[in-house]
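I open my notebook on this structure.

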Amino acid sequence: MLNVGKIEEGFVLDHIPAGRSMSIYYHLGLDKLDCCVAIIKNAKSNKLEKKDIIKVECDINTLNLDVLAVIDHTITVNVIKAGEIVEKKELVLPKELKGVMKCRCITSIEQELPHIFYLADSSREVYRCKYCDEKNSEKM
Amino acid sequence: MRHLMNPLDFTTEELEQLFDLADDIQAHPDKYAHKCEGKKLATCFYEPSTRTRLSFESAMLNLGGHVIGFSDANSSSAAKGESVSDTIRMISCYADICAMRHPKEGAPMVAATKSSIPVINAGDGGHQHPTQTLTDLLTIRSLKGRLNNFTVGLCGDLKFGRTAHSLVNALVRYDNISFIFISPEELKIPSYLRDKLKELNIPFKEVIRLEDSLPELDLLYMTRVQRERFFNEEDYVRLKDFYILNKEKMKLAPEDMLVLHPLPRVNEISVEVDEDPRAVYFKQVQYGVYVRMALILTLLELA
């Protein structure tokens with residue numbers, strides 16, 4: 001098993017379904033952050049057989065993890081401070097998502113208009129566009 | 001300041017007030033002939049819709065107001081690439097109220113967020129057409145005297161027909177309403193609407209044949225099978241004549257059933273039905289003007 005060292009402060013995203021880590025990397029905007037990120041793909045897992053793990057060394061207040069719940073609410077989020085797990089974050093579907101999903105309505109052509117989706121049905125995890133009520137069909 | 005984006009923006013109590021006002025306008029048109037003197041309505045139509053635009057213009061002129069605007073995107077600054085946000089900021093300086101039609105869903109809502117004048121959604125793509133729903137409700141209330149206790153049949157394109165969806169969403173707020181959805185398999189109501197009716201315990205059934213349901217109906221809402229909603233011509237040609245209401249079928253309907261249609265009609269209602277007193281789709285057009293007059297007065301706070 002490949003080993004990546006401990007981080008002092010940041011997040012460890014565990015139990016990511018194998019193959020989804022790169023999508024999460026971009027959705028969280030990690031490509032734009034000037035911090036240390038480790039992505040482990042296809043690690044052995046008792047729960048999932050195979051899983052991905054992402055470790056992010058950053059200030060814990062800099063990342064908005066809302067989108068993770070939309071991608072997969074079973075992902076484990078460990079918050080790390082001083083090298084120790086201080087919290088296991090529960091993922092809750094956010095009421096509103098800005099700039100994560102895209103719609104083909106007026107938001108697709110209007111200058112600098114943010115794409116905003118609201119949570120229409122939490123049991124089915126359905127998000128609809130704030131402007132046109134269209135259901136999100138984009139796979140996260 | 002209020003806008004109208006969705007037929008559900010008004011509570012049922014507010015709708016009663018609006019319809020009472022429309023009734024009064026109908027009964028005493030002279031009383032309202034100068035109410036909007038000095039006011040301007042901007043009709044911003046990014047796609048052609050003669051009937052809706054003329055209805056708005058007629059409504060404002062009946063109120064003694066003036067009308068400015070454009071009737072397709074090519075004759076507006078949108079052709080130069082101007083955003084809806086910028087256009088409405090400009091229109092806000094020229095007019096007192098705006099009716100906007102746009103092919104892209106959500107455009108009037110974007111306009112409303114930047115506007116300093118009331119914006120009325122006059123149709124945004126396949127999304128909403130609230131003044132059509134208000135027209136339908138006023139027609140029903142005026143001719144039946146109520147908006148509850150109906151078995152409502154909706155027939156034709158129930159998959160893409162936004163007017164049918166809006167009417168269903170508006171009528172579920174009243175007591176003792178049940179629906180019969182009459183459509184080909186390919187054009188059935190969307191699942192979200194089916195789920196909503198189940199959740200609200202509203203009785204409904206989905207049937208294929210128009211003839212079988214006619215004897216049960218208090219209201220029949222016919223819709224056009226729209227060419228532009230199909231991906232290919234072959235599907236359109238195959239389905240467009242599936243349901244044609246004619247004199248023979250009307251014999252099966254109750255004496256006091258009303259036939260409504262948002263218009264334009266293609267051939268889903270035979271012209272021989274036009275003379276039947278139960279056919280009220282041309283009266284609907286007149287009610288459309290009254291309800292738009294009432295809406296303009298309400299949003300301009302001149303009622």
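**Entry 1: a helix in chain B**

I looked up helix α3 (residues 84–94) of chain B and found Val84(B), Thr87(B), Ile88(B) and Ile91(B) buried. A residue counts as buried if 20 or more other C-beta atoms, placed from the backbone, lie within 10 Å of its own. These residues cover an arc of only 95 degrees around the axis, so they sit on the same side of α3(B). The arc is that of the directions from the helix axis to the C-beta atoms.

Next I asked what the buried residues of α3(B) pack against. I found β1 (40–45), β3 (97–102), α4 (107–114) and β4 (119–124) of chain B. Helices (H or I, at least four residues) and strands (E, at least two) are DSSP runs, numbered from the N terminus.

**Entry 2: what I am reading**

This is a predicted model: local features need pLDDT of at least 70, side-chain atom pairs count only at pLDDT 80 or more, and totals for chains, interfaces and linings use all residues. Residues are numbered from 1 along each chain as its sequence is written, while chains are lettered from A and ligands numbered from 1 in the order in which they are written.

**Entry 3: the domains of chain B**

I checked the domain assignment, which is automatic or from a database. It gives chain B domain 1 (7–128 + 286–299) and domain 2 (131–284). Their C-alpha centres lie 26 Å apart.

How many residues of domain 1 of chain B are in contact with domain 2 of chain B? I noted 19, facing 18 residues of domain 2 of chain B. Contact means C-beta atoms, placed from the backbone, within 7 Å. On the domain 1 side, α1 (12–27), β4 and α11 (281–299) of chain B each give two or more residues. α11(B) gives the most, with seven residues. By class, I listed 11 nonpolar, six polar and two charged residues on that side.

**Entry 4: chain B as a whole**

I noted 11 helices and nine strands in chain B. Its radius of gyration is 19 Å, close to the 19 Å that the globule rule gives for 303 residues, so chain B is as compact as a globular protein of that length. The radius is taken over C-alpha atoms, and the rule is 2.2 Å times the number of residues to the power 0.38. Of the 303 residues of chain B, 46% count as buried.

**Entry 5: the neighbour**

Last, I looked at the contact between the chains. Chain A brings 12 residues and chain B brings 11 residues. The chain A side divides into seven nonpolar, two polar and three charged residues.

How values were computed
A residue is buried if 20 or more other C-beta atoms lie within 10 Å of its own, exposed if 12 or fewer, and partly exposed in between; C-beta atoms are placed from the backbone. Two residues are in contact if their C-beta atoms, placed from the backbone, lie within 7 Å. Ala, Val, Leu, Ile, Met, Phe, Trp, Tyr, Cys and Pro count as nonpolar, Asp, Glu, Lys and Arg as charged, and the others, Gly among them, as polar.
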